[in-house]
Amino acid sequence: MSLSLSAGDPHAVEEIYRHYGHLVYTIALRSLGDRADAEDVTQQVFLAAWRGARTIKPSPTALPAWLLGITRHKVADALTARGREARRLRAVAAEEHVAGGEGQTRDRTLEIAVIAELEAMGDPRGAILRMTVLGGMTHAEVADRLDIPLGTVKSHARRGLIHLREQLKEVTVDE
């Protein structure tokens, strides 16, 4: 496979994806804890593999190691982007606190606190609540999209809302 990839055969990427796609996705999902981010990273890995195909040395062991190296770098990029987004959210919250009125600032701060809690909750619970609470999707739609049973979606949603309520009580008590 690596020989045909390095030769620029477009069908080689398809074959490599069929053979290593699940492995790359699984590593990305376990590293990032979010299906959508894992799908993005998987796509980026195979796009990078296609673009850098001429750099691979054809051998049976080089291809998987090369793909895992690309995966590791793309996961690190995704984690860095998450850190940037968290810093941006904190900066927006700080600006809102300075510039906005008391009611507007409180609403925006609460919104940011909810988003941060949903991110910290991890998946699938955080993703389910983001889709239902922020995205307005029904439990059945979420179950279809995430390909998990409806009862599991409902259980995660209920436990996540209980957790969120407890966390927001602490925010209210602190203020």
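Pro 124 sits in the loop that connects helix H5 (102–121) to helix H6. The model described here is predicted. With a relative accessibility of 27%, Pro 124 counts as partly exposed, because it falls between the limits of under 20% for buried and over 50% for exposed. Its C-alpha atom is 7.6 Å from that of His 156, although Pro 124 and His 156 are 32 residues apart in sequence.

**Packing of H6 and H7**

- Helix H6 (residues 125–134) and helix H7 (residues 139–146) have axes that come within 10 Å and cross at roughly 135 degrees.
- H6 is therefore oblique to H7.
- The crossing in which H6 passes H7 is right-handed.
- On the H6 side the contact is formed by Ile 128, Met 131 and Thr 132, and on the H7 side by His 139, Val 142, Arg 145 and Leu 146.
- Sorted by class, this contact of H6 with H7 comprises four nonpolar, two polar and one charged residues.

**Packing of H2 and H3**

- The axes of H2 and H3 are 8 Å apart, and the two helices pack at an angle of about 145 degrees.
- H2 passes H3 in a crossing that is right-handed.
- H2 contributes to the contact with Pro 10, Val 13, Ile 16, Tyr 17, Tyr 20, Gly 21, Val 24, Tyr 25, Ala 28, Leu 29 and Leu 32.
- H3 contributes Arg 35, Asp 37, Ala 38, Glu 39, Val 41, Thr 42, Val 45, Phe 46 and Trp 50.
- The class composition of the contact of H2 with H3 is 15 nonpolar, two polar and three charged residues.

**Nonpolar cores**

- The largest nonpolar core contains 21 residues, and those with the most contacts inside it are Leu 5, Ile 16, Val 41, Val 45, Phe 46, Leu 63 and Leu 67.
- At least two residues of this core are supplied by each of helix H2 (10–32), helix H3 (35–51) and helix H4 (62–99).
- H2 provides the largest share of this core, with eight residues.
- Apart from neighbours within four places in sequence, Val 45 is in contact with Val 24, Leu 67, Ile 70, Thr 71 and Lys 74.

Methods
Residues numbered from 1 in each chain as written. Predicted model: local features only at pLDDT ≥ 70, side-chain atom pairs only at ≥ 80, totals over all residues. Heavy atoms only, no water. Axes fitted to C-alpha atoms, helices over the stretch in contact; angles between N-to-C directions. Helix = DSSP H or I, 4+ residues; strand = E, 2+ residues; numbered from the N terminus. Parallel < 35°, antiparallel > 145°, perpendicular 65-115°, else oblique. Left-handed = near helix turned anticlockwise from the far one by under 90°. Contact = heavy atoms within 4.5 Å. Nonpolar A, V, L, I, M, F, W, Y, C, P; charged D, E, K, R; others polar. Core = buried A, V, L, I, M, F, W, Y, C linked by side-chain atoms within 4.5 Å. Buried < 20%, exposed > 50% of the residue type's maximum accessible area, 1.4 Å probe, protein only.
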